[in-house]
Amino acid sequence: MAMRDTASILPLSVEGLGYAVAGKTLLEDITFTLPRGGLTAVLGANGSGKSLLLRLCHGLITPTRGSLHWALEEGRRAGRQRHAMVFQRPIMLRRSARANLDHPLAALGLDRAARQARIAEALERFGLENLAEQPARLLSGGEQQRLALARAWTLTPEVIFLDEPCSQLDPGATRQIEAMLSEFDRDGMTLMMATHDLAQARRLARNVLFLNGGRLIEEASAETFFNKPRTDEARAFLTGNLLW
Amino acid sequence: MEFGAAISAALGLMMSLDPGFLGIVSLAVRVTLSAVLLAAVIGLPLGAMIALARFPGRTFVIILINALMGLPPVVAGLGLFLLLSRTGPLGPLGWLFTPAAMIAAQTVLVLPIVVALTRQVVEDLWLEYREHLTSMGLTGFRAIPTLLWDGRFSLATALLAGFGRASAEVGAVLIVGGNIAGYTRTMTTAIALETSKGDLPLALGLGMVLLVLTLAINAVAYGASRIGARFAG
């Protein structure tokens, strides 16, 4: 499926972003720019705010401070087809795999023929043809995550936010998902993925955002981050010393 | 009459397909199914809306609806009787002592069950689906069709509970229907009347039909939901 030719919603400029709940600050003063293309890995220990940052960028949560500016107004809210999200635990509707793919397309108002064509393409591309009529919730974790990726892909989004998509998968399933993400990258999609798997980030990332304690500690190219980290926190994280 | 003889006479009555007997069964089924259908049409979207909406007094509304699940039928019947009586606000409708009044009474009894159970099912599903549906822009009431469809097997159980309540009910339909032979006499009201008159075969026959009917509807719904769940997950 070809990428859309319309004007890009990227870059996404995040300025002074913060989120607090019940008097507790979970993210503070996050400023960065998400460029067009490539995979940006959001790294950090558990509780550093990676998943929250993705949800704020995707529009699932409203920030309590700061702002997000997409290049186009269309990017401002989730559900505009321009950016999608894949969750750590795939959320599967109580329907077949095929119906799970059909649901967001129907919600967008696509006609039946267009939906069927896109679903057939997705089933083939993600190796789900034999599972199309199976109840989605009874698929294995890896199959569900592939289906979740396929579901996001059918929307032809420009950006996909991925919240630790491989954290619950075995190495084989992880390899499959990584291969798909590499294909997305080659197709020109922009990916922003939270992970605490350093090896995975080395394999896939073009850029890195490193968070610690709800703050953005380092924003760099993957090469710079892994080879010449600027901060003590990043060096400690890379050497396996957990930060609290 | 002996118990065995009464059973034998009841079976004979059922086998003979007596028009009076069949009329009672037919009316009871029509009234109950109409009430459940009406309660579903009103209660499913209403329960879903209460599940998703946030408004002042929501907790009170939920407690009230839960409490109404236990509304005594005679109280519901009395309230409706006052509304439908000639001097009541709904008197001009002329529904009192008609099947329409009986359907209204049973709807009043079934509706809280459908609303309360729907709210619970939809709220639980929303917790599970919220991020995915919000990601797709399906927030608020736009999420309702998805949530109702995915909760369909649990909601079928809610409707069955409503059917059980309506089919077993006697007090409300007796008050607003009047138990008029051949017009508003249902299985439950006939059983109560015939038992008091000592006509046990008719009461027993109707009781057996009521039991078999309830069992059959539950069995069909259970089978359908098991098959559906196997295909939907």
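This is a predicted model: local features need pLDDT of at least 70, side-chain atom pairs count only at pLDDT 80 or more; totals for chains, interfaces and linings use all residues.
Residues are numbered from 1 along each chain as its sequence is written, and chains are lettered from A and ligands numbered from 1 in the order in which they are written.

**Helix H9 of chain B**
- H9(B) covers residues 187–197, and within it B:Met187, B:Thr188, B:Thr189 and B:Ala190 are buried, where buried means that 20 or more other C-beta atoms, placed from the backbone, lie within 10 Å of the residue's own.
- The buried residues of H9(B) pack against helices H2 (19–52), H7 (152–168), H8 (171–177) and H10 (200–232) of chain B, and two residues are in contact if their C-beta atoms, placed from the backbone, lie within 7 Å.

**Helices H4 and H5 of chain B**
- H4 (residues 73–84) and H5 (residues 99–135) of chain B pack at an angle of about 135°, with their axes 10 Å apart; axes are lines fitted to C-alpha atoms, for helices over the stretch in contact, and angles run from 0 to 180 degrees between N-to-C directions.
- H4(B) and H5(B) are therefore oblique to each other, a word for angles that are not under 35 degrees (roughly parallel), over 145 (roughly antiparallel) or 65 to 115 (roughly perpendicular).
- On the H4(B) side, B:Pro73, B:Ala76, B:Gly77, B:Leu80 and B:Leu84 meet B:Ala101, B:Ala104, B:Ala105, B:Val108 and B:Leu109 of H5(B).
- By class, this contact of H4(B) with H5(B) has 9 nonpolar, 1 polar and no charged residues, with Ala, Val, Leu, Ile, Met, Phe, Trp, Tyr, Cys and Pro counted as nonpolar, Asp, Glu, Lys and Arg as charged, and the others, Gly among them, as polar.

**Contact between chains B and A**
- The contact takes 13 residues from chain B and 18 residues from chain A.
- On the side of chain B that touches chain A, the elements that give two or more residues are H5 and H10 of chain B, and H5(B) gives the most, with 6 residues.
- The residues of that side of chain B divide into 5 nonpolar, 5 polar and 3 charged.

**Chain A as a whole**
- Chain A has 8 helices and 9 strands.
- Of the 244 residues of chain A, 46% count as buried.

How values were computed. A residue is buried if 20 or more other C-beta atoms lie within 10 Å of its own, exposed if 12 or fewer, and partly exposed in between; C-beta atoms are placed from the backbone. Helices (H or I, at least four residues) and strands (E, at least two) are DSSP runs, numbered from the N terminus.
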